[in-house]
Each structure stands twice: as C-alpha cells, then as structure tokens.
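Subject: Structure for you to look at

Hello,

Please find the structure below, as promised. Open it first, then read my notes alongside it.

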Amino acid sequence: MEDGVTATQVVFWILAVVMLISAIGVVTAGNIVYAALFFIASLAGVAGIYLILTVEFIALVQLLIYGSAVVILILFALMLTRARERPQALFGRSRPLGIAAALGLLAALIGGIVATTWTTPESTSAIEPVGLQAIGDAIFTLWIVPFIIVGVLLSIALDGAIMLASPDEDDN
Amino acid sequence: MPPLEHILVVNAVLFAIGVMGVLTRRNAVLILLSVELMLNAVSLNMVAFAVYGQVDFGNITGVVFAFFIIVIAAAEVALALGIVVRTFRNRATANVDEVNLLKW
Amino acid sequence: MDLVLSEFAGVSMPAWIDALLRVIFIVALMTIMAFALIYLERKILARFQARVGPTRTGPVGTLQSIADALKLITKEDVRPITADRWAFELAPYMAFVPVFLVFVPMPFTETWFIRDLNLGLLFVFGVLGLNIVGVVMAAWGSDNKYALLGGVRAAAQAISYEIPMLLIIVAVVMVAAGRLAVDGDASAAGSINAIVGDQTTTPYILLQPLGFFIFIIGMLAELHRPPFDMPIAESEVVGGYFVEYSGMRWGMFFLAEYTALFLLVVLASSLFLGGWNWPFGADVGLGLQIVLTFVKTSVLIVLVIGSRALFPRLRIDQLMSFSWKVLLPFSIIQVIANGIILAYGGPDWVVGLVSFGLLVALGGLVYYIMSRKQGEGTRTVQTTPATPRVITAPEVTPVEAGGD
C-alpha cells in the first residue's frame with residue numbers, strides 16, 4: 001500500500017473488473033453459448049492477472065489449456081446437447097436462495113481476508129518474479145510424484161471420456 | 001504489484017460468482033463452467049500466496065499447485081462433458097434437475 | 001532494446017510512439033505478406049495445373065491481390081437474418097487478433113523482432129490456439145449447417161494436430177537446451193531467437209528430422225491446407241465456417257489464414273532450417289540475414305502452396321487416426337528418446353540418427369497402412385444401416401421438419 005498507486009495496479013484493476021464482469025456474464029447470460037464466450041473473456045482476465053503476478057508460464061499454460069482446449073470441449077458439448085434448438089429456463093427455482101448463499105459466502109470470505117494479518121514483504125516492489133527455472137525445479141524435484149500421478153490421471157480421464165462419449169455397441 | 005489483500009478480495013468475488021452459478025443454473029454444462037470459475041479463483045489465490053510469500057517462506061509451491069489445478073481441470077472437463085453428452089443421449093436433457101431417477 | 005523502427009530513424013522516441021510504430025509495422029507487414037502470398041498461390045497453382053494464372057491486372061498480374069482487396073472492401077457486408085448477431089460479428093476479430101499477436105516473438109533477423117520472449121515458443125502456441133475460438137464462433141453464429149460442420153471439423157483438427165506439434169517442439173527445446181547448456185544458459189531454450197542463434201553450424205533439421213516432418217504436417221493441418229482441408233472443403237461443406245461471410249469480414253478470415261501461414265513458415269524455418277543464422281553465421285550483417293530468412297521462408301511457402309495441387313483430400317476419420325494413432329506416439333517416442341540420449345550425454349549425431357531412424361519407421365508404417373487392402377480394418381465407418389433410435393424420455397418433442 002505504501003508504494004502508492006502504480007501503473008501495474010491500474011492494469012490489475014482493469015483486468016479484475018473485466019474478469020468479474022465476464023464472470024457475472026457466465027452465471028447470468030440468457031444464452032448458453034454467450035455464457036461460454038463470457039467464460040473465455042473471464043479466463044483471459046485470469047491469464048492477465050497471472051502475468052501481473054509475474055508467472056508467465058502459468059499464464060500461457062492457462063491460455064493453451066483453458067483458452068483453446070477446454071473452451072472447445074465446452075462448445076462441442078453445447079452443440080451436442082442442442083443448446084440452440086431447445087430454448088428453456090436456464091435457472092432453477094432456488095435462484096434467490098442461491099444468490100443469497102453466494103452473497104453470504106462472499107461476505108464471510110471478505111470478512112476473513114480483512115480480519116487476517118497477512119505475512120507479506122514490507123514493500124511489494126521487493127517481490128522477485130518467479131522464473132521458469134524455479135517452477136521447473138519445483139515440479140521435477142519436490143513434486144515429481146504428484147506430477148507422475150497427474151499424468152496417469154490424465155490418461156485415465158482420457159480413456160474414461162472416450163468410453164463415456166462413444167456409442168454403445170448395442171445402442172444403434 | 002497490487003497488495004495481497006486486493007488480489008484476495010477479487011478472487012473471493014470470483015469464487016462467490018462461481019458458487020452463485022453452481023447454485024442457480026440448471027444446465028449441467030453451465031454448472032461446469034461455474035465450477036471452472038471457482039477453480040480459477042482458487043488457483044489465482046495459490047499463485048498470489050506463492051508470489052507474495054516466496055521471500056518469507058522460501059518456496060513457490062503455490063505456483064505448482066496452480067499448474068496441477070489447470071491439469072486436473074482439463075481432465076475433469078473431459079470426463080464431465082462425457083457424462084453430460086451420455087446423459088443427453090439417454091434422457092434428451094442436459095438439465096441436472098431433470099436427471100432425477102437412480103435407474104433408467 | 002530490440003528496436004525495429006528506431007534503428008532506421010536513428011532517434012530515441014517515447015515508449016508509446018515506439019509501440020504504435022511497431023503495431024503499424026506489424027499491420028503493414030501482415031497485409032503486404034498476405035497480398036504477396038495470395039498472388040503467389042494463384043501463380044504457383046496455375047503452373048501446377050498448366051495454366052498461367054492472373055495476367056491482366058498490372059504487370060504479370062501482380063496487382064490482382066489489390067484488386068481483390070478493393071472488391072472485398074467495397075462489397076456489401078451481409079449478415080443472415082437468423083445469424084446470432086454478436087457471435088457472427090465478433091468472430092472475424094477473434095480469429096484475427098491472436099494471429100496478429102504471434103508476430104511478437106518472431107525473429108526475422110538477429111535483432112529484428114518485436115520482443116524476444118523467454119517463453120516465445122509457448123507464447124506462439126498458446127496464443128495461436130485462441131484463433132480456433134473465432135472459428136467456432138463463426139460456425140455457430142452463422143446458423144448454417146455447413147458452417148457448423150466446417151467449424152466443428154476445424155476445431156477437432158486443430159486440437160488433434162496441436163498436440164503432436166507441441167510435443168515435437170518440446171523435443172526441439174530439449175535438444176536446444178542441451179546444446180545451449182554448453183555455453184552456460186540452458187534456460188534460454190524457450191526463446192525462438194536463442195534457438196536460431198544456436199544453429200550457426202548445424203540446422204536442427206539434421207538433429208530432429210522427425211520433428212521437421214511432424215511440424216510441417218501439423219502446420220498444414222492447422223492452416224487447413226490440403227491434404228487436411230476438410231473444414232473448408234467446397235465439395236463437402238461448401239466452404240466451411242465462413243460460408244455466410246462476405247466483404248471485409250470474410251477478408252479478415254482470409255488475412256488471418258495467410259498471416260498464420262507466413263508466421264508458421266517463419267517459425268519452421270527458425271526452428272529447423274537455421275533461420276537467419278545457418279549457414280553464414282551471425283556476423284554477416286542484417287542485409288544478408290533478412291535474405292536468408294526470406295529464401296528459407298519462400299522455399300517452405302512454395303512447398304505448402306504446392307501441397308494444394310499435389311495431394312488429394314483425406315477423410316475425416318483418416319485425419320483423426322493419423323494424428324492420434326501415428327503422429328502422437330511417434331512424437332512421444334521422440335521426446336523420450338531425446339531425454340534418454342541427452343541425460344546420458346550422447347553426442348549430437350546420435351540424436352540426429354535416432355530421430356532419422358524414427359522418421360524412417362514412420363514412413364514405413366504409413367506405407368504399410370496405405371498399401372493394405374481395403375477391408376482389413378482400414379474402414380472404421382460403420383456401413384450397416386442403423387436402426388432408428390428410440391428415445392423413451394418423456395419430454396422429447398419431435399423436431400419440426402424444414403425449420404431451417
């Protein structure tokens with residue numbers, strides 16, 4: 001806080017506002033495909049905040065995995081479930097209750113954040129960028145077993161998805 | 001860089017929006033999108049903690065967590081969408097509240 | 001700083017003017033390259049088909065592209081009445097802007113690039129992948145069956161071929177990191193310019209011939225070039241995802257496609273053919289370096305354009321099988337092989353030899369698959385007529401016929 005408002009902070013707030021507005025678009029849009037398109041904008045905002053936090057690697061992985069692959073999967077699913085042909089009520093009966101619960105959670109979270117004393121460096125300008133080398137070292141030494149497990153999990157998920165989506169042999 | 005509290009508040013708002021989506025939407029794909037928003041908020045939080053805490057705690061485990069979250073989210077999306085497509089084929093609906101039979 | 005234009009002007013200028021000039025430079029370069037490529041494509045294709053191509057507009061037809069562009073600009077911008085307004089109108093920008101961004105880390109000479117990113121390769125693929133979102137938006141927004149089919153095909157194809165391409169890039173970066181580590185800085189291996197800088201004596205096509213092959217194949221698929229042009233095949237889906245577009249919006253898809261072609265070709269020549277570096281080294285000066293880049297790029301462009309006249313179109317199931325069952329395993333094997341060889345400190349010629357062996361194996365496998373008789377498992381499409389499905393869920397209503 002003692003640094004005053006820097007250009008980075010301005011960019012951060014612009015990105016944050018874009019991200020949050022598109023996130024609201026995701027959960028309130030009346031058209032399913034619009035929700036998916038808002039989701040892309042929201043992801044781009046998240047990637048931008050990763051850039052501000054100096055983790056370029058995670059930002060680019062976010063774009064590569066979420067921005068193209070996941071979004072395409074979702075659009076495929078929307079098309080396969082005929083999002084456009086059957087317009088229908090997109091919200092359940094419990095909508096007011098859901099909104100109230102979300103607001104309550106938000107209040108609790110913000111209260112917790114404000115009440116906590118965070119251990120942070122004296123000045124934010126003292127923070128060093130997280131280098132690619134450091135991330136690689138962390139993943140491939142300390143976290144190598146989880147990394148392998150995630151790889152196995154991914155291939156199992158791939159097999160499972162193929163099994164689920166392919167038609168049964170006696171189906172047609 | 002913005003102070004840690006600002007980032008945490010933004011992420012909390014993003015997370016709450018995700019929760020709202022999960023609780024109010026009927027379409028399974030949209031619920032999945034909201035879950036993804038929540039995951040994004042969490043991984044942003046992880047990265048923020050890692051970046052701000054690396055001087056005091058001497059590691060960047062949070063960044064590794066964000067990486068793992070992205071990978072697992074990809075796996076989760078693939079599986080969940082497989083289930084959605086399969087449900088749609090059997091029940092001709094993607095709305096979670098219409099899939100209300102244990103056996104069909 | 002790695003200045004592009006300030007070098008010419010010889011003056012220092014404020015940051016925002018510099019940024020603006022770079023953007024203008026990119027746009028100008030993009031447009032000129034696209035015009036030149038369209039003209040080249042017409043001429044080369046004509047030669048392949050024993051025609052002469054455009055001759056009337058300007059000397060030897062060179063102004064044909066400009067005439068086309070003028071026609072496109074003055075054409076009416078039609079939007080189908082049932083199209084989704086936002087998706088339809090935003091899609092061309094969504095397809096165009098990512099391609100525009102990919103210019104940033106491209107090294108045209110040793111010092112001519114916008115910015116030398118440390119994660120340049122990841123940046124290229126991360127950003128270029130967003131392009132497909134625009135394609136799917138166009139496909140869905142047009143409210144046209146053929147557009148939707150084309151867009152879904154394009155997306156499936158782009159995702160399938162991105163994976164072997166990325167893995168093969170990983171293999172190339174492994175080799176580059178091993179070689180750069182000798183000089184002490186292996187962490188620079190993600191930067192395209194550092195990879196080019198390492199190819200003074202040996203272009204990486206000698207170290208990774210399989211990589212070059214898979215990269216070119218993936219590039220053809222990403223660009224929807226024959227034999228991978230099902231998404232935009234006129235005889236199957238009447239032009240694919242941009243059927244409903246006209247005027248400048250159609251022109252933007254076209255511009256994005258040709259710019260992506262130019263960029264991927266520059267990337268291929270940087271990664272595998274030594275870019276501005278091989279065979280003369282870094283000391284020859286900018287003039288010769290730009291000529292080197294230009295020559296290598298041109299050779300690859302002629303190759304890509306020629307593929308349109310040389311190859312017949314694949315079927316969609318053949319395309320998917322080729323990526324997932326042939327290219328993906330081979331690229332994984334290449335990464336593992338590189339890892340083993342480099343971990344035990346194998347010399348460069350071993351890396352090259354193993355990769356070449358894999359390339360020969362891949363060629364043999366493809367030859368074996370293609371020379372099998374029909375009916376021995378090559379046909380995966382079910383030919384028996386399917387019985388009509390019965391959906392017993394109560395809320396199904398029959399879809400009205402002729403709704404489109």
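The notes below cover backbone angles and then aromatic rings.

This is a predicted model: local features need pLDDT of at least 70 and side-chain atom pairs count only at pLDDT 80 or more, while totals for chains, interfaces and linings use all residues. Residues are numbered from 1 along each chain as its sequence is written, chains are lettered from A and ligands numbered from 1 in the order in which they are written, and side-chain values use heavy atoms, without hydrogens and water.

Backbone angles

Most residues other than glycine have a negative phi. A:Thr54 has a positive phi, near 65°. In chain A, this residue is found in the loop between α2 (32-52) and α3 (56-80); helices are DSSP runs of H or I, at least four residues, numbered from the N terminus. C:Val60 also has a positive phi, near 45°, and lies in the loop between α2 (15-48) and α3 (64-74) of chain C.

Which of these counts as buried (under 20% relative accessible area, 1.4 Å probe, protein chains only) and which as exposed (over 50%; partly exposed is in between)? A:Thr54 is buried, at 15%, and C:Val60 is exposed, at 57%.

Aromatic rings

The whole structure holds 21 aromatic pairs over all chains. Rings of Phe, Tyr and Trp (its six-membered ring) pair if their centres lie within 6.5 Å; planes under 30 degrees apart count as stacked, over 60 as edge-to-face and the rest as tilted. C:Phe242 and C:Phe253 are a tilted pair, because their planes are at 45°, with centres 5.9 Å apart. C:Phe242 is buried at 12%, and C:Phe253 is buried at 4%.

Regards

How values were computed
Helix = DSSP H or I, 4+ residues; strand = E, 2+ residues; numbered from the N terminus.
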